[in-house]
Amino acid sequence: MIPRMLLMALAVAFFMPVSQMQGADAKSKILFVTQSVGFKHGSVSRPADKLAPAEIALTQLGEKTGLFEVHCTQDCAADFTKENLQNYDIVAFYTTGDLPISEEDKEYFFKEWLPQKGHGVLGFHSAMDTFHNYEPYWDMIGGVFISHPWNSGNDVTIANHDVENPLTNSFGPELKLKEEIYMYRNWQPKKVRVLMSLDYANSPIGNAINTSHGFHVPVCWIKNYGDGKVYCNNLGHNETTWTRADYMESIENAVKWIRGDIEIDATPNPELSAAQETKAQADFKAGNFQEAGK
């Protein structure tokens, strides 16, 4: 006969959410959503029923670090549900458009699931090109895509505002690479902590730039969401970015932060965004950039 106390302990464990069962050595469970309802990026395009490059990279990172397991889905209607979300600690988005998620499941995600301690979101590249007109989503993710004047073949320079931060120290003081860089509307500096921004002065471009929502181009930022955490990084359009050690180290440390393994200050820094807006505008004028519509 099983002792009564053991039965009670087993019952508690059975009904306890995944996040509350997490120990320091327990693996986190990540639901990696890569469904596209709009433009489909090469990094999340699956060849012949195999995983896409970004899916492979994140899965291998979990295996290498032993920190997490990844389940990939391109079927939100089936997998992004209240019932299924209870199996996960982190949701990663590399998506586009209005995903087929029921209103009930979206409300559960934003109001109950994400604000829990130990839960979090990883937003990669076009996560910011998703649910353009659904305020709970863009309020959570940080902003809404309007254009990408810097295309995948352009050389860009990214300024690192916090070199000592575990989320960005792998990039050094500045990062030079070929990447597609977004600009945003509904950007809310008072709600986010910006870690990296585009350096206009060292990112010349021939395309016209839509500055109607500002000149500052944030690239990586974080925020608290209740007791949950959100990490967003615009990088990741190019498949080659997913092979970079510095990019993958940033993601690894973002997972550690969400898990509670490391502490990182996510206090919003609107003063930095204001300073970057002033600098970006000055660099824009000095560099003879072309303003869209003019």
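The second largest pocket holds about 200 Å³ of space. That volume is the space filled by probe spheres set on grid points, joined across faces, edges and corners. The grid is 1 Å, over the protein atoms alone; a pocket is an open set of points with protein on both sides within 12 Å along at least five of seven lines.

Ground rules. This is a predicted model: local features need pLDDT of at least 70, side-chain atom pairs count only at pLDDT 80 or more, and totals for chains, interfaces and linings use all residues. Residues are numbered from 1 along each chain as its sequence is written, and side-chain values use heavy atoms, with hydrogens and water left out.

Confidence next. pLDDT is the predictor's confidence in each residue, from 0 to 100. The protein chain averages 92, and 91% of the residues score at least 70. Residues 1-22 are below 50; beyond near neighbours in sequence, that stretch has 15 contacts in the model, a contact being heavy atoms within 4.5 Å. Where pLDDT is low, the predicted coordinates should not be read in detail.

Back to the pocket. What lines it? Lining residues have an atom within 4 Å of a point. Here they include Trp 242, Arg 244, Met 248, Gln 60 and Lys 64. Helices α3 (53-65) and α8 (245-259) each supply at least two lining residues. Helices here are DSSP runs of H or I, at least four residues; strands are runs of E, at least two; both are numbered from the N terminus. By class, the lining divides into 5 nonpolar, 2 polar and 4 charged. Nonpolar means Ala, Val, Leu, Ile, Met, Phe, Trp, Tyr, Cys and Pro; charged means Asp, Glu, Lys and Arg; the others, Gly among them, are polar.

A cavity is where a 1.4 Å probe fits but cannot get out. The structure holds 1 cavity of 30 Å³ or more. Helix α6 (residues 103-113) gives the most, with 3 residues.

Last, two backbone angles. Asp 49 has a positive phi, near 65 degrees, in the loop between β1 (28-33) and α3. His 125 has a positive phi near 40 degrees, in the loop between β4 (120-124) and α7 (135-141). Neither is glycine. Buried or exposed? Buried means under 20% relative accessible area, exposed over 50%, partly exposed in between, with a 1.4 Å probe and protein chains only. Asp 49 is at 82%, so it counts as exposed. His 125 is at 0%, so it counts as buried.
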